[in-house]
Amino acid sequence: MADPAVRVRIAPSPTGEPHVGTAYIALFNYLFAKKHGGEFILRIEDTDATRSTPEFEQKVLDALKWCGLKWSEGPDIGGPYGPYRQSDRKDIYKPYVEKIVENGHGFRCFCTPERLEQMREAQRAAGKPPKYDGLCLSLSAEEVTSRVAAGEPHVVRMKIPTEGSCKFHDGVYGDVEIPWDAIDMQVLLKADGMPTYHMANVVDDHLMKITHVARGEEWLASVPKHILIYQYLGLEPPKFMHLSLMRNADKSKLSKRKNPTSISYYTALGYLPEAVMNFLGLFFIQIAEGEELLTMDELAEKFDPENLSKAGAIFDIQKLDWLNARWIREKLSEEDFAARVVAWAAENDRLKEGLKLAQSRISKLGELPDLAAFLFKSDLGLQPAAFAGVKASPEELLEILNTVQPDLEKILEWNKESIEAELRAIAERMGKKLKAIVAPLFVAVSGSQRSLPLFDSMELLGRAVVRQRLKVAAQVVASMAGSGK
């Protein structure tokens, strides 16, 4: 039965490439809204001002649209409860924080980052979980007033009960009980005046009339903090549902260090959005063998939020490949298939810009496939022989690849200028010429020592594909080092 009062949201942080886990949680919320005839809302949680960028926010929007998800309210389309970007809501949160402090449920903390780090180190050394020790709880009201008036930097923390436990019902885990002594005195307002995630999350969910909060199970331990904030403000909390994390086949947490996790990686390799959503949607429904191929509407029809599994959702890339192949063969007409191929090749101007780079490097059109095919391949099939012409030992190559990979992750705006600047900085730090750094990267990225310009190619391929190719190259070179080649 439709319940128009149901309002759910997806609230990603624009601090990196959009993760398939974001699509997984977003899909659940989307299906939940469709099942109940409710509203699905997009909110951007950019309280982390040092890591959030407009580029990443746009990538989030593009990725979720590519997935086929549609929201009724969001930063791009507005709505009755906006703005839908937390940085645009900065002035909204402070009165709520002040209310918590005035009612005696919060306090001002003047501890410096250095003092907090020493405290945590001492706690870790003693085998205790690091959490705030309550030093500033003992400050007198006069001392607090005087230090605030003097302009001393401080944060606002929430008080936590000293005895008992927080009991709540979760839509997936059922009745949950977490002792209060396991909960930290969470910072609610940072020294720069921005709220933390926890504070902003509660205020925004209240003001946007969110009825159900569905998110990853890693947030289950934060529920007591959120419930306490709701109580301190005299507000009714939403219903909570914590979904099992997606995991690798070995049950380890799905992370970019092990496997490709960026949505942009799967778009670049030519996966169909319908197949990706079909794959993720199967984690939320019960079906018989042979019923796997499902559209979004069919997923919504079979979706049953009352019958969810607490077992980890295994991200089986072979199953995704199988589903994608079936979608290509069984769901696309010849005309649809041709149109999808053209659209995929043109994505991010890859075809146009690739041809532009190739024009001055060929004598006949038939040379194009060998020169530019790496821009479109899902797997280069990299072998040790590809590095034969690079003048460096396997150990030196591995050092370069292992240094470059994490350093490229620090680039906020992924373009050829920033890539070149970062690689030049790496070369300088390693005491090497740029050519020595670039040579193995040419092979890692293109599979060949003769290719299109490296920095341009890396921009066209995108951060997610480059990350995976460098990872594969490091594995190949490590095997060379181990075998003494």
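In what order do the three strands of the open sheet stand, and how are they paired? The order is E3-E4-E7, and the pairing is antiparallel. The model is a predicted one: local features need pLDDT of at least 70, side-chain atom pairs count only at pLDDT 80 or more, and totals for chains, interfaces and linings use all residues. Residues are numbered from 1 along each chain as its sequence is written, and side-chain values use heavy atoms, with hydrogens and water left out.

**The open sheet**

- Strand E3 (106-109) and strand E7 (187-189) are the edge strands; each has a single partner strand, so one side of each is left without a neighbour in the sheet.
- From one strand to the next, the twist averages 45°.
- Helices (H or I, at least four residues) and strands (E, at least two) are DSSP runs, numbered from the N terminus, and two strands pair if DSSP finds at least two bridges between them.
- E3 joins strand E4 (residues 155-158) through four bridges in the antiparallel sense, and Gly106 stands opposite Met158 in E4.
- Helix H3 (residues 90-102) lies across E3, E4 and E7, at about 105° to E3. Such angles run from 0 to 180 degrees between N-to-C directions, with axes as lines fitted to C-alpha atoms, for helices over the stretch in contact; contact means heavy atoms within 4.5 Å.

**The E5-E6 hairpin**

- Strand E5 (residues 165-170) and strand E6 (residues 174-179) pair in the antiparallel sense over six bridges.
- Three residues lie between E5 and E6 in this hairpin, and Phe168 stands opposite Val176 in E6.
- In a regular strand the side chains alternate between the two faces of the sheet.
- Buried means under 20% relative accessible area, exposed over 50%, and partly exposed in between (1.4 Å probe, protein chains only).

- Leaving aside residues up to four places away in sequence, Asp170 touches Val176, Leu220, Phe240, Met241 and His242.

**A covered helix**

- Helix H9 (residues 273-281) is mostly covered, with eight of its nine residues buried; among them are Val276, Phe279 and Leu280.

**Backbone spots to check**

- Most residues other than glycine have a negative phi, and most peptide bonds are trans.
- Gly82 and Pro83 are joined by a cis peptide bond, with omega about 0°; Pro83 is in the loop between helix H2 (54-66) and H3.
- Lys209 has a positive phi of about 55° and sits in the loop between helix H6 (197-207) and strand E8 (212-216). Its relative accessibility is 47%, so Lys209 counts as partly exposed.
- Asp349 has a positive phi near 60°, in the loop between helix H12 (334-346) and helix H13 (350-358). Asp349 counts as partly exposed because its relative accessibility is 42%.
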